[in-house]
Amino acid sequence: MKRIIVMSALAMAVLVLVSCKEKKSNTIIITKKKTEQVVAPKTRKMGDYTQSRSVNWMGKKYTVVTNLVADPTLPLASDGFARYYDNRITLRVIRADGTEFLKREFTKSFFKEYVDNTYYKEGALLGIVYVKTSGNQLLFAASVGNPDKSSDEYVPLVLKVDNFGNVTVSKDTRLDTDSDTNEEEDEGV
């Protein structure tokens with residue numbers, strides 16, 4: 001019996017030692033990291049538009065139509081933050097009988113020699129707008145610059161079409177402070 005008590009005490013001591021043994025804790029947690037897909041910002045358009053104006057030119061009626069469309073085949077423009085599609089502009093001068101006197105497409109590259117390198121690389125063709133007739137010429141305001149509509153950073157240009165269909169471009173050096181009454185006297189745009 002003494003032996004049983006000693007064996008029981010010994011078994012109890014082993015149980016106590018085993019139960020007091022420190023368990024290794026597993027602090028390594030393995031999970032899969034959620035990968036966030038980076039979505040490239042959407043390329044913006046400056047806005048497609050068409051403008052049609054009836055004009056009297058050299059004693060006859062003409063219709064001047066300018067059509068601006070964002071062209072995804074052209075190099076992208078940037079305002080420093082967002083990317084924009086550059087524009088392609090079609091200029092049409094239509095006679096009263098419906099035949100075309102002139103149809104010409106313009107991109108920013110047509111105006112390369114009139115703008116600095118920064119506007120050429122990052123800017124966009126912003127528009128070509130009919131202004132007035134002057135003698136044998138149709139005068140248009142054109143601009144290349146920052147594609148952001150809220151920006152006023154651009155290079156003002158004058159585009160002239162003569163009665164033979166020749167197109168010339170020059171920088172617009174005149175400020176927009178002239179009144180409309182002086183428009184008849186002013187040969188520039």
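**View A. E100 is partly exposed, with a relative accessible area of 35%, and forms a salt bridge with R92.** The closest N and O atoms of R92 and E100 are 2.6 Å apart, and R92, at a relative accessible area of 28%, is likewise described as partly exposed. Elsewhere, salt bridges with shared partners join D71, R88 and E105 into one network. The model shown here and in the other views is predicted, so that local features need pLDDT of at least 70 and side-chain atom pairs count only at pLDDT 80 or more, while totals for chains, interfaces and linings use all residues. Residues are numbered from 1 along each chain as its sequence is written, and side-chain values use heavy atoms, with hydrogens and water left out. Throughout, buried means under 20% relative accessible area and exposed means over 50%, with partly exposed in between (1.4 Å probe, protein chains only). A salt bridge is a side-chain nitrogen of Lys or Arg within 4 Å of a carboxyl oxygen of Asp or Glu, and by this rule the count comes to six.

**View B. R83 and E122 meet through their side chains in a salt bridge, with an N to O distance of 3.6 Å.** Because R83 belongs to strand 4 (residues 83-84) and E122 to helix 2 (residues 117-122), this pair ties together parts that are 39 residues apart in sequence. Helices (H or I, at least four residues) and strands (E, at least two) are DSSP runs, numbered from the N terminus. R83 is partly exposed at 37% relative accessible area, and E122 is partly exposed at 35%.

**View C. D86 and K108 form a salt bridge in which the closest N and O atoms are 3.5 Å apart.** This pair links distant parts of the chain, 22 residues apart, since D86 is in the loop between strand 4 and strand 5 (87-95), whereas K108 is in the loop between strand 6 (100-106) and helix 2. D86 counts as buried, at 2% relative accessibility, and K108 is buried with a relative accessible area of 8%. The charged end of K108 also sits over the ring of Y120, 5.4 Å from the ring centre; for this, NZ of Lys or CZ of Arg must be within 6 Å of the ring centre and within 35 degrees of the ring normal.

**View D. Strand 5 pairs in the antiparallel sense with strand 2 over nine bridges, and with strand 6 over six bridges.** Two strands pair if DSSP finds at least two bridges between them. A70 stands opposite N87 in strand 5, and L91 has R104 in strand 6 as its bridge partner. Strand 5 and strand 6 form a hairpin with four residues between them, and G98, in the turn, has a positive phi of about 95°. T66, found in strand 2 (residues 60-70), counts as buried at 2% relative accessibility. Apart from residues up to four places away in sequence, T66 touches Y49, T50, Q51, T90, L91 and I128, where contact means heavy atoms within 4.5 Å.

**View E. W57, Y62 and F101 form one aromatic cluster.** A search of the whole structure finds seven aromatic pairs. In one of them, the rings of Y62 and F101 have their centres 6.3 Å apart and their planes at 70°, so the pair is edge-to-face. With Y62 in strand 2 and F101 in strand 6, the pair ties together parts that are 39 residues apart in sequence. Y62 counts as buried, at 13% relative accessibility. Rings of Phe, Tyr and Trp (its six-membered ring) pair if their centres lie within 6.5 Å, with planes under 30 degrees apart counted as stacked, over 60 as edge-to-face and the rest as tilted.

**View F. L138 is among the residues that touch the most other members of the largest nonpolar core, which has 27 residues.** A second, separate core of five residues includes A77, A82, Y84 and A124. A nonpolar core is a set of buried Ala, Val, Leu, Ile, Met, Phe, Trp, Tyr and Cys residues joined through side-chain atoms within 4.5 Å. L138 lies in strand 8 and counts as buried, at 0% relative accessibility. Leaving aside residues up to four places away in sequence, L138 touches V55, W57, V64, V93, Y130, K132, T133, L159, K160 and V161.
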